[in-house]
Amino acid sequence: MDMDQAEKQAFERYLLAMADDELILGHRNSEWCGHAPLLEEDIAFANIALDEIGHASTWYAILSEFTGKDPETHPDRLVYFRDASDFHSARLVELPNGDWAFSMLRQYLFDAYEMVKLRELERSRYLPLAGAAAKIRKEELYHYRHTSAWIKRLGLGTEESHRRLQNALAALWPYTRQLFTPVAGEDLVVSSGFGSPSEVVEIAWREQVVPLLEESGLQLGHLSNLVPDVSRYDGSRDQHTPHLKVLVTELQSVARLEPDSSW
Amino acid sequence: MNDTQLPRFQVFLQEQEGQPHQDVGSVHASDAEMALQNARDVFVRRPECTSLWVVPAEAIYSRTAEELAKEGGEKKEAGGEGAENPGLSGETEIYCVFSKAKSAGTQTLVGEVQATSPAEALGEGIARFAGGKAPFAWWVFPARLITRSQPQDIESMFLPALDKPFRLSTDFHTQTAMREIRDRKP
Amino acid sequence: MYGATVDPVEQVNEDEKLREFEARIGRGEKIEPGDWMPEEYRRQLIRMISQHAHSEIVGMLPEGAWITRAPSLRRKMILLAKVQDEAGHGQYLYHAAETLGASREEMLEALLAGRAKYSSIFNYPTLNWTDVGVIGYLVDFAAILNQTMLARCSYGPYSRAMVRICAEENFHKKQGQDIVIQMARGTPRQKAMVQDAINRWWWPTLMMFGPNDSDSPNTPILMRWGIKTRTNDQLRQAFVNQVVPELHDLGLSVPDPDLSFDETSGDWQFGEIDWDEFWRVVKGQGPCNKERMEARRSAHTDGAWVREALAAYAARQR
């Protein structure tokens, strides 16, 4: 593989963004364990969290291999010994869980994003990525099935569930912008055939989510024009809300007690 | 208002192709699609499964051999049998027939029959599937009421369980570790 | 189909039925839903099974709290898998209790109202990550001993649920033991954390096996009807005999000054359990009783609008 420094760094950022997204989202999901509105969701959402952490592990391992590090040990170094400001996760996934409508909608919007992005990545010229994308996508299909079922039931359930879901949509929609903002150097990742362009992913995502949201009785109206003021909701993946630092501090608290030991 | 009582759905699982579906238990869910997903999360965290069915529990018509013998001795009025079962069409449709050989064990699929009522389906089932030794108990229900996983769902619903080896005790080598520790002791 | 009731127009002598029932149990036969059973048998089983189910559900909380702080990706996934299993076990058990005529709604209502019991071990706090390991190693092993016995119990659905649960519980114990071994062989601080956790969890774990046989009024009838096949003290001794040598091999001690090995019986003799503490915690005055119930109640109350939405959607589909 003959890549120059700029291409390599761009691909690292691309992979890191995917890995960090899954890690932070899986972490958020795991906070529902034991507190879900029904016992069935304690299992279901814990299962989704488990899958997400697994996906994160896969991406971190691929990134480790690509950068010549040990895929067995380097992922934990990345997760537990980076500062919050060095994470490349989207702000969408670091937001606190809110109520069930908020969490289900956030998960749904992200599941749809993953499903369409992974379909593109199955064609990546970087074979480890292509293989992982194919495998992970199968699990994502089940997540999508689960969360889309919830969106329908909440959207078309009671007046209260509908209201909560509509509010969640207003709060979350602006954050989806960042999912389709190219990471720095994405053009190099695309030209090398390793990754897919964000615009393509965005079009496919809208084709997926807009009908489902409308089917669920939600008003999209003004939301389909994404907020043009980029200062709050756009920007690079190095910009985070204050929530991420709190999350990462908790996540790393035990591991950092003994940085050179294993647990 | 007590709302922890969602309807109950019986769950049937087929481990491998060619094997009969078996009763594994039940789940509570607000509707059939959620029941199917719940069933997967509750019963298929570990391999193996190729097909999963959920059926509203109230739709299952069940009789033990003992009950049948008792009923056979009495004259039953026509139409009295199916009263407890919703979805009774009076039209001919496919019924799934399950039985278990002994008191212990679980209900296993033995075949399908065409009938116009659960009682008739059971009669047909007994005639065709009882064999030499009469089974201990029977379940029948219209196939129409099954919500089932599709073959294309296997890779997203059931295969991922294979990639989670840490759910199995064999993934932890505690016995080896303890043996090493003991061997190192003077 | 489930919850068969005794025919009020019973022609046959009740004593005769009871004799037949006990003879079946004596022959090692399973009692299945729909079979005749004494009301006391049904009552005891519903009590035991629902308490067991509640324990699984409440048990998700002390460990679930540490998922966010699990110190490696692997440990994070393992703990998520474990907690899922526990919710699943709760499901299997509620189902088994339902076959006896209990309703899940009533059982959950009783739990949330504080009327139902669950294993007191979960009323103790998990103070740090090490507790996750020690709970897996000690508490889940104690549960396995109990459940392995119950897998032979006379009531079919309960014994079958136990078989499935035992198979999955093995991984719970091993992952906990794995954590303890890792830390016992780790840094001085890690080793000190493990010893501290053992010191805090040892006696509560021994209490899991229940009162001494002499103080267990339920035990004789449960043994007679094949619901229990070993007594509290027998199981407790089996636990101690297995775990003490392992802890010693790891360089860990047990917080019991009266612990000594009896050459004749081959048993590790241990000190007297603090029964005052046992009964206090059983009666709801343990360190976390309130907190655990608050958490489940909140989840239930906060989730009411969600369940209503599900019901409304389902009604509209019909």
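Visitor: Which residues is C:Leu222 in contact with, leaving aside its neighbours within four places in sequence?

Guide: Contact means heavy atoms within 4.5 Å. On that basis C:Leu222 is in contact with C:Gln44, C:Arg47, C:Met48, C:Ile227 and C:Lys228. This is a predicted model, in which local features need pLDDT of at least 70 and side-chain atom pairs count only at pLDDT 80 or more, while totals for chains, interfaces and linings use all residues. Residues are numbered from 1 along each chain as its sequence is written, chains are lettered from A and ligands numbered from 1 in the order in which they are written, and side-chain values use heavy atoms, with hydrogens and water left out.

Visitor: Where is C:Leu222 placed, and is it buried or exposed?

Guide: Helices (H or I, at least four residues) and strands (E, at least two) are DSSP runs, numbered from the N terminus. C:Leu222 is in helix H8 of chain C, residues 219–224. Buried means under 20% relative accessible area, exposed over 50%, and partly exposed in between (1.4 Å probe, protein chains only). C:Leu222 counts as buried because its relative accessibility is 4%.

Visitor: At what angle do helices H1 and H11 of chain A pack?

Guide: Axes are lines fitted to C-alpha atoms, for helices over the stretch in contact, and angles run from 0 to 180 degrees between N-to-C directions. H1(A) (residues 5–30) and H11(A) (residues 242–252) pack at about 80 degrees, with axes 12 Å apart. They are therefore roughly perpendicular to each other; the range for that word is 65 to 115 degrees, with under 35 roughly parallel, over 145 roughly antiparallel and the rest oblique. From H1(A) the contact uses A:Leu23, A:Ile24, A:His27 and A:Arg28, and from H11(A) it uses A:His243, A:Leu244, A:Leu247, A:Glu250 and A:Leu251.

Visitor: What does chain B contain?

Guide: Chain B has five helices and eight strands, in the order β-β-α-β-β-α-β-β-α-β-β-α-α along the sequence. Of its 186 residues, 49% are buried.

Visitor: Which residues of helix H5 of chain B are buried?

Guide: In H5(B), residues 174–184, the buried residues are B:Thr174, B:Ala177, B:Met178 and B:Ile181. They cover an arc of only 95 degrees around the axis, so they lie on the same side of H5(B); the arc is that of the directions from the helix axis to the C-beta atoms. The face turned away from that buried side carries the exposed residues B:Gln175 and B:Asp183. What covers the buried residues includes helix H6 (156–184) and helix H9 (232–249) of chain C.
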